[in-house]
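Visitor: I would like to learn how to read aromatic rings in a protein model. Could you walk me through it?

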Amino acid sequence: MRNYMEAESSTGSYHLLDENENKITSSNDDSRLKELGYKQELYRGLSFISNFSLTFSIVSVLTGISTLYNQALTFGGPVTIVCGWPIIGLMTLIVGLSMAEICSAYPTAAGLYYWSAKLAGNKIGPFAAWITGWFNIVGQWAVTTSVDYSLAQLVQVIILLSTGGLNGGGYQASKYVVIALHAVILLLHALLNSLPISWLSFIGQLAAAWNVLGVFLLMILIPMVATERASAKFVFTNFNTVNEDGINNKLYIFVLGLLMSQYTLTGYDASAHMTEETKDADKNGPKGIVSAIGISILAGWAYILGITFAVTDIPHLVNKNNDSGGYAIAQIFYDVFKSRYGSGVGGIVCLGVIAVAVFFCGMSSLTSNSRMAYAFSRDGAMPYSSFWHKVNKHEVPLNAVWTSAFIAFCMALTSLGSLVAFQAMTSIATIGLYIAYALPILFRVTLARKSFTPGPFNLGSYGIVVGWVAVFWVALISVLFSLPVAYPITDQTLNYTPVAVGGLVILVVTSWIFSARHWFKGPITNIGNSSEEA
């Protein structure tokens with residue numbers, strides 16, 4: 001076994017264990033993993049800071065807020081953005097707390113689908129694992145696709161503004177150039193994820209620091225540079241009902257605007273998928289989930305407030321004929337610096353700060369994807385599982401990394417046919433992941449209510465109540481984010497999310513009935529023999 005102290009020092013971790021502590025910690029983690037039915041194959045070299053950092057960089061408030069700020073401005077404006085964020089944040093924290101409690105009991109890279117199998121019991125455990133696992137992995141692929149495609153779009157906007165803007169003869173890339181940029185970004189992420197975990201740990205900590213510093217830089221710099229600022233009354237009370245989508249009901253408008261916040265606060269299951277590479281996994285995995293959510297809520301709200309104080313003309317910012325082509329955050333930054341200094345170069349630099357954060361987000365998202373694919377194939381739940389499950393000499397699931405990147409590229413190809421259909425990817429990512437989050441929680445508060453044995457991180461007597469609130473919240477947003485986003489409904493305005501999610505359900509259930517129920521191997525097939533079963 002490798003010297004874990006060496007790996008920690010190479011990643012710049014904030015906490016170094018001495019060699020004896022490392023051996024004891026590793027032994028305890030490996031023993032617990034063996035109890036769960038798996039052997040240690042991945043290199044266990046992540047500290048709590050490393051685990052948290054990778055997850056925090058996936059949540060990445062700079063990514064989610066910046067890329068979906070347009071939708072929130074259009075549907076509700078400042079009220080939806082500023083007031084909706086803490087509401088979504090609180091409910092997300094409730095979901096995260098329930099997940100963290102289960103993660104502490106079952107610290108394995110299999111994560112959500114393994115939890116469902118254990119908590120649903122021997123009769124429906126394998127089927128519960130199958131459904132949960134496929135919603136989880138498809139949701140993760142959708143996240144990687146949307147994040148990297150969003151980065152490609154942002155790079156295109158940066159090029160557009162750098163060459164004069166839409167109204168100054170700037171270069172506006174075609175959809176084919178954007179998809180090519182997307183492919184290059186995925187290639188870079190796959191290369192980075194081919195590195196040993198100690199390198200990814202270091203990059204993850206760098207990404208977390210970049211996100212925090214970027215938030216505080218932009219929240220202070222943008223309103224400070226702005227020559228005209230919004231009033232506090234505007235920021236906290238202005239409700240924008242003006243849109244070109246035929247939606248006039250204020251509650252409906254508010255709900256549609258919440259997607260920005262809920263989409264941003266996803267991906268924190270990464271801490272669970274990294275537990276087989278994390279020391280003291282039953283403590284540090286759950287702490288990674290909760291910490292990533294909590295700090296993201298605070299950092300995100302600070303960023304939102306700083307940016308929204310620079311919003312004075314919503315119709316101008318979302319107008320597709322402005323210099324940025326209707327990219328609201330880019331137009332805010334560009335206008336702020338141009339009004340102060342006569343040039344928007346400073347705004348373009350600020351967009352570069354966001355672009356780097358989005359790049360880190362996509363990289364970490366692919367890390368989580370590959371670990372989920374590795375674990376799912378280890379249990380025989382993927383077609384050609386033996387291919388997905390292989391690890392290289394650095395104990396990295398290389399095939400899972402590259403195949404996940406390829407799938408993310410294929411999913412983005414839908415943008416060539418219909419950008420509206422592709423835009424549903426953000427809803428699919430949100431709903432798919434949250435359904436996967438909710439299923440094990442549902443089994444925890446129903447079938448395993450009396451039999452669940454918590455780990456070191458537990459909610460005590462509040463676990464059941466918190467769990468039910470989490471389940472109801474996921475059920476609610478799954479319906480809300482499937483609603484039409486424009487009227488009248490046509491092929492160009494249809495919300496394709498329910499179509500995609502419904503198709504996934506049919507495919508997964510049908511495949512289970514006809515053949516896939518025979519695929520599972522290992523501990524999933526032996527749920528009924530476990531002393532911890534429901």
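**Rings, charges and partners**

Guide: Let's start with a charge and a ring: the charged end of K287 sits over the ring of F48, 4.7 Å from the ring centre. "Over a ring" requires NZ of Lys or CZ of Arg within 6 Å of the ring centre and within 35 degrees of the ring normal. R378 lies over the face of Y38 too, at 3.8 Å from the ring centre. This is a predicted model, where local features need pLDDT of at least 70, side-chain atom pairs count only at pLDDT 80 or more, and totals for chains, interfaces and linings use all residues. Residues are numbered from 1 along each chain as its sequence is written, and side-chain values use heavy atoms, leaving out hydrogens and water.

Visitor: How many aromatic pairs does a search of the whole structure find?

Guide: A pair of aromatic rings is described by the distance of the centres and the angle of the planes. Rings of Phe, Tyr and Trp (its six-membered ring) pair if their centres lie within 6.5 Å; planes under 30 degrees apart count as stacked, over 60 as edge-to-face and the rest as tilted. The search finds 20 aromatic pairs. In one of them, W130 and F376 are tilted, 6.4 Å centre to centre with 35° between the planes.

Visitor: Are W130 and F376 buried or exposed?

Guide: Buried means under 20% relative accessible area, exposed over 50%, partly exposed in between (1.4 Å probe, protein chains only). W130 is buried at 2%, and F376 is buried at 0%. F376 also pairs with W134, edge-to-face, at 5.7 Å centre to centre and 70° between the planes.
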